[in-house]
Number of protein chains: 2
Amino acid sequence: MSAEMPQGEPEGRATLAELAALADVSISTVSKVLNGRAGVSEETRARIEALLNDRQYNRRSPGPNHAPLIEVLCFEIASSWATEAIAAIDRLARERGVAMVVSGTNDRQKPDLDWIAGVLNRRPVGVILVVCNLPDVQKRQLRSRNIPFVMLDPAGQPTPDVPSIGSADWSGAYAATQHLIELGHRDIGIVTGPEDMMIATARLSGFRAALESARIPVRPEYIRRGEFHHSDGLTEGRALLSLPTRPTAIFASSDVQALGVYEAARALGVAIPSELSVVGFDDLKIARWAGPALTTIRVPIVEMAEQAVHVLLDLTQNRAPAFSRVEMATTLVVRDSTDVAPRRTTEMFRA
Amino acid sequence: MSAEMPQGEPEGRATLAELAALADVSISTVSKVLNGRAGVSEETRARIEALLNDRQYNRRSPGPNHAPLIEVLCFEIASSWATEAIAAIDRLARERGVAMVVSGTNDRQKPDLDWIAGVLNRRPVGVILVVCNLPDVQKRQLRSRNIPFVMLDPAGQPTPDVPSIGSADWSGAYAATQHLIELGHRDIGIVTGPEDMMIATARLSGFRAALESARIPVRPEYIRRGEFHHSDGLTEGRALLSLPTRPTAIFASSDVQALGVYEAARALGVAIPSELSVVGFDDLKIARWAGPALTTIRVPIVEMAEQAVHVLLDLTQNRAPAFSRVEMATTLVVRDSTDVAPRRTTEMFRA
DNA sequence: CTGAAAGCGCTTACAG
DNA sequence: CTGAAAGCGCTTACAG
């Protein structure tokens, strides 16, 4: 037995075999639980999970060599939204002496195949999912290793067992639309986000509800589907503005989209806000910088990110969070891109 | 066999068995070389080491299965520039199976006090400094631990012993200014970046040089200092446009600044580009989205970030990089914010 | 749902 | 110096 023996640790970390003996099951079964595979009764799974937890399986030993990490998985890492969230997470995590590993999803809603392997290897304190979700297997893998996770503005139907932090998208969209209605607009178009994203659906739904409350019929041709990108705002904005009865206001489901609508309007010689009012959603920095400055719905990204870090650190200390889902209030920010509706008849004949 | 199978990779990473076959030795021998054990002839060892290197065999770092990490330290993590760089680094690093730890500097040019401690603890494969620098002590700490580092667009005087990747700022500024001169502008203002940042100095210097080449005197009141922010573009832009002889063109040292100049012009009722031409620097996405679309100097952020990762991974394998400093070419991108100089006296006539 | 068994990638003591 | 063989920790297809 040479000095190379790596088992210098006081207890040595548990092996599957030991755990199997303790739980009175086979090694295979422990392995399944550890990797979130199916084919284990709920009871057995619970017993083994408790054991894994108890024996700190594969858990980094706390001590001088412990550099705590938070994993952040982002959909569209280069988007302004993700950027502002990352910056906020970084600031708060740094205060707590926790470093931040950032990964992109390669622009899909689910992580790369080898992402989870890296995470399990790194043994982070927790995981924050920014506008993306995890397959169930991976959720189970994280849970069995006692790595908590939180969703930030989840795109899919939030699962009740995962704490998630969102924004009040429906009421934001309602407020945006109401603002336009109060300005006298009746012909209001919308560029939506992708159908499979909850936030897009919520925004569309809030838009509809506000119109219905005001007894304004919802015209199908005024509803245009798109992604949240600039190019979608441009394409769908152009489509809306080329309609026989063109809308006098457009609600874009994101600020970036709204800038696309700006470009469409510019190209077609439609003046904002005198001939067309535009409302965005998010209140990114670019909303303030646009010309004219964009009226939009403020999503409190920084506060949301801070919540996410707090909840995660609570969970890390095995403190249950106070909620499973919270939606932070959105607020209407009126700037220069919205104005009273132009008079239909005169405007139509001149154009 | 479900779709979850993680072994879907076409090539997978090399196994000892494969390497053994290639080297025509036993698995045991490869294992010995891999772990620095004695009992292998120098010749065999060299052959196998070459192979390991060649096949990018995943060397296990000290500690139980260590996942490789790149550290990225960013000045102003939420800036568009940093964002685009981070996204590019992430993409490339992920391809190589390396994760990315991102830290902000709390908006100073040097890292937080406890940053280096975390880095040494995490034992990253290397460090990328995005628009920031390290105190000498920390450089020495990294060197002594064999952790290579690279500067991306360094703000300070580049030290010859640290590989750094920049952009051709001087020639970019020269090209921007020349473009304005060719359009007939003579009264050209500039909003610069902070004096202590090399890139700001280089851009100002290129501006001056172009004017001097064209024998246009440089008026001191046309040179306004600022940070690279929107607010500086606004403040200094307003100052320039309020001058008795107001400039007909403004060169902003960053795109974000240029949008600030847009806002100043809007506030003062100065039309772009008919009454005022504006050129930016960076070619961020927002440059394309601005109204009018911004003429700017393209800095190849993505290519620069990729270079940084490549150099770092080269250094990791103890291969010296091909250079200590490289500046990637910038290019003039003409869009809609620049036009021929207005005739001083009849500037109201243009439609 | 459960576990025996085959197997994988790796390490190591040991015979040649 | 070299490699056959035993073994370790783990995963997984499959029989029950």
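I began with a definition: a residue is buried if 20 or more other C-beta atoms, placed from the backbone, lie within 10 Å of its own, exposed if 12 or fewer, and partly exposed in between.

**Ground rules**

I am working with a predicted model, where local features need pLDDT of at least 70, side-chain atom pairs count only at pLDDT 80 or more, and totals for chains, interfaces and linings use all residues. Residues are numbered from 1 along each chain as its sequence is written, while chains are lettered from A and ligands numbered from 1 in the order in which they are written.

I looked up Asp283(A) first. Asp283(A) counts as buried because it has 24 C-beta neighbours inside 10 Å. Asp283(A) sits in the loop between β9 (277-282) and α11 (285-289) of chain A. I use helix for a DSSP run of H or I with at least four residues, and strand for a run of E with at least two, numbered from the N terminus. Phi of Asp283(A) is near 60°, a positive value in a residue that is not glycine.

I then turned to chain B. Asp283(B) lies in the loop between β9 and α11 of chain B. Its phi is also positive, near 60°, and Asp283(B) is not glycine. Asp283(B) has 24 C-beta neighbours inside 10 Å, so it counts as buried.

**Two cis peptide bonds in chain B**

I noted a cis bond between Ile272(B) and Pro273(B), with omega about 5°. Pro273(B) is in the loop between α10 and β9 (277-279) of chain B. A cis peptide bond also runs from Gly291(B) to Pro292(B), with omega near -5°. Pro292(B) is in the loop between α11 and β10 (296-298) of chain B.

**DNA strand D**

How many residues surround DNA strand D? I found 18, and the closest are Ser28(A), Ser31(A), Ser26(B), Ser28(B) and Gly39(B). Near means that the C-beta atom, placed from the backbone, lies within 6 Å of the molecule or strand. At least two residues each come from α1 (16-23) and α2 (27-34) of chain A and from α2 (27-34) of chain B. The most come from α2(A), which gives five. I sorted the surface by class: seven nonpolar, ten polar and one charged residues. Here Ala, Val, Leu, Ile, Met, Phe, Trp, Tyr, Cys and Pro count as nonpolar, Asp, Glu, Lys and Arg as charged, and the others, Gly among them, as polar.

**DNA strand C**

I counted 21 residues around DNA strand C, the closest being Ser26(A), Ser28(A), Gly39(A), Ser28(B) and Ser31(B). Two or more residues each come from α2 of chain A and from α1 (16-23) and α2 of chain B. Here α2(B) gives the most, with five residues. The surface near DNA strand C divides into eight nonpolar, eleven polar and two charged residues.

**α2 against α3 in chain A**

I followed α2(A) to its contact with α3 (residues 42-54) of chain A. Their axes come within 10 Å and cross at roughly 80°. That makes α2(A) roughly perpendicular to α3(A). An axis is a line fitted to C-alpha atoms, for helices over the stretch in contact, and angles run from 0 to 180 degrees between N-to-C directions. Angles under 35 degrees count as roughly parallel, over 145 as roughly antiparallel, 65 to 115 as roughly perpendicular and the rest as oblique.

Which residues make the contact? From α2(A) they are Thr29(A), Val30(A), Val33(A) and Leu34(A), and from α3(A) they are Thr44(A), Arg45(A), Ile48(A), Glu49(A) and Leu52(A). Contact means C-beta atoms, placed from the backbone, within 7 Å. This contact has five nonpolar, two polar and two charged residues.

**Chain to chain**

I counted 34 residues from chain B and 33 residues from chain A in the contact. On the side of chain B that touches chain A, the largest share comes from α4(B), with seven residues. That side divides into 14 nonpolar, ten polar and ten charged residues.

**Val326(A)**

I ended in strand β11 (residues 325-328) of chain A, where Val326(A) is found. Val326(A) counts as partly exposed because it has 16 C-beta neighbours inside 10 Å. Beyond its neighbours within four places in sequence, Val326(A) is in contact with Ile165(A) and Gln307(A).

Definitions and conventions
Contact = placed C-beta atoms within 7 Å.
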